[in-house]
Amino acid sequence: MSVDNECFSDILRYEHETISGATAINSNVGSPIFWNCNLHHLVFDTCDLTNARFFEGSTVDHCTFIRSDLRSVGIGKDEAVFTNCEFTSCDMRGMTLENATFIDCTFAKCRFNDRILQAANIVNCSFYRQVGGYYI
């Protein structure tokens with residue numbers, strides 16, 4: 001499934017759902033609440049995910065976030081695990097990163113201003129930034 005330039009319902013609660021194989025482009029996903037859900041092989045390209053919430057053991061694996069707004073994404077303490085995800089040119093300021101676990105994820109040109117990245121929650125991840133046309 002692929003959607004382009006969609007505006008989703010403001011607040012939807014997903015419980016014990018697996019959501020997979022979808023692409024959202026130029027879309028506002030509203031304020032979804034994921035409660036013990038598995039997001040798998042999703043692509044969010046230039047999407048507004050602000051106000052999304054992850055609770056009660058939600059997992060996000062093999063998902064791609066490109067130029068997406070993740071500010072204010074809320075995560076309950078130790079209640080979300082991101083595995084093998086790619087974040088490229090995303091705005092992650094204000095996201096409760098310290099409550100999530102990131103395993104084997106890649107972050108390229110993302111904005112984290114004033115965010116706390118606790119070493120215990122970051123496992124085998126790569127961080128890249130552009131310097132003079134090259135990624136280091």
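This is a predicted model: local features need pLDDT of at least 70, side-chain atom pairs count only at pLDDT 80 or more; totals for chains, interfaces and linings use all residues.
Leaving aside neighbours within four places in sequence, Asp69 is in contact with Cys47, Asp48, Leu49, Thr50 and Asp91, where contact means heavy atoms within 4.5 Å. Asp69 lies in the loop between β10 (64-66) and β11 (74-75); strands here are DSSP runs (E, at least two residues), numbered from the N terminus. With a relative accessible area of 16%, Asp69 is buried (buried means under 20% relative accessible area, exposed over 50%, and partly exposed in between, with a 1.4 Å probe and protein chains only).

Residues are numbered from 1 along each chain as its sequence is written, and side-chain values use heavy atoms, with hydrogens and water left out.

Next come the aromatic rings. A pair of aromatic rings is described by the distance of the centres and the angle of the planes. The structure holds 14 aromatic pairs; rings of Phe, Tyr and Trp (its six-membered ring) pair if their centres lie within 6.5 Å, and planes under 30 degrees apart count as stacked, over 60 as edge-to-face and the rest as tilted. Phe87 and Phe102 form an edge-to-face pair, 6.1 Å centre to centre with 75° between the planes. Phe87 belongs to strand β13 (residues 86-88) and Phe102 to strand β14 (residues 101-103), so this pair ties together parts that are 15 residues apart in sequence. Phe87 is buried at a relative accessible area of 1%, and Phe102 counts as buried at 1% relative accessibility.

In the pair of Phe107 and Phe127, the ring centres are 4.7 Å apart and the planes are at 5°, so the pair is stacked. Distant parts of the chain are linked here: Phe107 is in strand β15 (residues 106-108) and Phe127 in strand β17 (residues 126-128), 20 residues apart. Phe107 counts as buried at 2% relative accessibility, whereas Phe127 is partly exposed at 38%.

One aromatic cluster includes Phe87, Phe102, Phe107 and Phe127, and among its other members are Tyr14, Phe54 and Phe82. Phe54, Phe82, Phe87 and Met92 touch the most other members of the largest nonpolar core, which has 33 residues; such a core is a set of buried Ala, Val, Leu, Ile, Met, Phe, Trp, Tyr and Cys residues joined through side-chain atoms within 4.5 Å. Not counting residues up to four places away in sequence, Phe54 touches residues including Phe34, Leu39, Val60 and Phe82.

Notes:
Helices (H or I, at least four residues) and strands (E, at least two) are DSSP runs, numbered from the N terminus.
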